[in-house]
Amino acid sequence: MLSRREDFRDILEERRTSSDLSHALKSFTRVSSRASPPCSVSTLNKTVLESQHLHYIMQEVSKDTGEPLEAIREEAAGILEEMSQNLQLGYIRFLGFILSKVFKRLFRKINVNEEGLQRLQQAMQESPVVLMPNHRSYVDFLVLSYLLFTYDLSIPVIAAGIPLMGMQLIGEILRRSGAFFIRRSIGTDKLYWAVLSEYVKTILRKDFAPVEFYVEGLRSRTLKSLPPKLGMMHMVLEPFFKGEVYDISLVPISISYDRVVEESLLAYEILGVPKPKETTMGLLKARKVMDEDYGNMHVCFGHPLSVRDLAKGKVNRKQYNLIPRDLPMKPSESIHAFANTTAHLVLRLQQDNMVLSPWSLMATILMQNLGGINLKLLTKQTVWLKWLVLDFGALVDWPVQVADSEVMSSGLSLHHSVVRCEGDQVLLAEQKPQRGAAPEEAVFRRAVAVLMCASYRNQALHVLASPAMLSVALSLAAASSRADIYNLYAFLREMFYNEFIFIPDRTGQDFEEACSLLQKCGTVQIINQNIMVTDKGLSVTSFLTAAVEPFIDAYQVIFRYICSRSVQEFTEKQFISGIRTFTLNLILTGEVKSYDVLSSETQKNALASLVRLNALTKKKREEQTYFSPNKAAIGRTADILAGKIAPQARTYSRL
């Protein structure tokens, strides 16, 4: 049961019955919007180095540093050599053969919407294409190239983190399979930014290949969407703004996993355990994952977005006519707003096409029953939640003509690393600390188990987030007036802006949609500008409130910690260390039950929210970022979140 939209086809079905070698050696024809054949990699790189834009920046850097222009040119060439891909079909074939073997071992099915691939093929014939998948696993970019090769579509060049380049042999295979490597910390390195920007824009101008990058910037360690990073977004939009291409197609791609290969590593990382360095030896040591079952994967190619259509009436491109195309130009406020809104739109479209597994629904229920739950009750509540999220418009991969008890049993078996059964009770699979271990060790092990389960809950939260914000607003409001509830909803949306993806300047529209969803399932009724919860709807609003309560509790603990400190300013590193110790003590005394507050992602998001609400001031000094708290403002924010005072009234608009 997937409900709405398109059919999916399992591409592994054919791979299990035919030759992997024949698949790797099949004929392959590149699809392009240009009639002429693509330029070579060496010609592409030469074009970048000889560009007027890069020459201008090199002159600027030479003036700023006093170094000879020739030395700056050599540095730029070195950056490009380190960065650039060397896409070769032979390596794609080799990787295709290996991945056929690997994917058949790891996954039961890899389901893809073929209509989406047909739309992508059409887009590739009309304009340069930018592929924008979500990022949950290292498997993401491998599976996309594999799919495009399987369906005879142009292989993309892929923005990858530079640590992958350092993997012996693997790094070179990835480079020759289309990866170009970007340093994680570029900072204010003007020359590096210029080389990277010109490289990406030249690929698009020449339609060398589709460009693939993750708008979230990083792999999500919580399995929910991250706020977009706009650096690459500005780069891919600029050729259109400058009139160098007629149009660009942005293609949102949603990759959904029943079970993520890195699930346990993710929990340790957000608890502060350093991520293992990417090495070839580490990859070989991790080969035991091949013995595990990771269930199904769904890859959904969304409708291509025309940048030309999106920008119509929103961006005045004439501003780019005021200076020569080759000179750098700082994006105007309207350009920055457009890039930000477009990036958020892509993220929302990714979420709309995510496929929820029965397990993600089970995990959502389990997170509200961390002490354990009866299997029959878990089954009943999971089935109830399935129908609720379907009412909310979600895609759910619930097997048809299979008993609910079998679906539940399969999900529990697949996720044996997260849950265990004792009799008729379902419990988190928590590793017991060694005898004589400190109490803190028990808390840490418990936190690992909870956050592993929370990550799968997070896969479903984008469906629940807006109705949940409305449910919380209904519970906090002193009256049932629409205006009061809207003010609280708008406050919560602003507060959790970094936790959940909301398109900017659409608060009124999101509020109306949330009201409509709760009306549709009989949860609320709206009479004379009053929103009231029905008797039937109490269970729904209670559930939705409980779904986001861990985030509310976590933020309250963080607010309390910041207000308890006597320091005038602090760094993020000092904050992360201090809040962990503070929270650990509260958990040990039983005062705090939420483990989400131990997540470094939640901690950083709370800081970002306080900055947005002007309750924290963020300043950079000597390459270090400092935060100065306004404790009165933080206290007011905490009181609003607790329902003690009302937020400031906001102008209501449906636009």
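Reader: To begin, is Phe 500 buried or exposed?

Author: Phe 500 is buried, with a relative accessible area of 4%; buried means under 20% relative accessible area, exposed over 50%, and partly exposed in between, with a 1.4 Å probe and protein chains only. Please note that this is a predicted model, in which local features need pLDDT of at least 70 and side-chain atom pairs count only at pLDDT 80 or more, while totals for chains, interfaces and linings use all residues. Residues are numbered from 1 along each chain as its sequence is written, and side-chain values use heavy atoms, with hydrogens and water left out.

Reader: How many aromatic pairs does the structure hold?

Author: There are 20 aromatic pairs in the structure. One of them is edge-to-face: Phe 180 and Tyr 199, at 5.5 Å centre to centre with 70° between the planes. This pair links distant parts of the chain, 19 residues apart, with Phe 180 in strand β5 and Tyr 199 in helix α10 (residues 190-205). Helices (H or I, at least four residues) and strands (E, at least two) are DSSP runs, numbered from the N terminus.

Reader: Which way do the side chains of β5 point?

Author: In β5 (residues 179-182), Ala 179 and Phe 181 point one way and Phe 180 and Ile 182 the other, and all are buried. In a regular strand the side chains alternate between the two faces of the sheet.

Reader: What joins β5 to β4?

Author: Four bridges join β5 to β4 (residues 157-161), and the two run parallel; strands pair if DSSP finds at least two bridges between them. Phe 180 is the bridge partner of Ala 159.

Reader: A change of topic: which ring does the charged end of Arg 219 sit over?

Author: The charged end of Arg 219 sits over the ring of Tyr 138, 4.4 Å from its centre. The criterion is that NZ of Lys or CZ of Arg is within 6 Å of the ring centre and within 35 degrees of the ring normal.

Note on methods:
Phe/Tyr/Trp six-rings, centres within 6.5 Å; stacked < 30°, edge-to-face > 60°.
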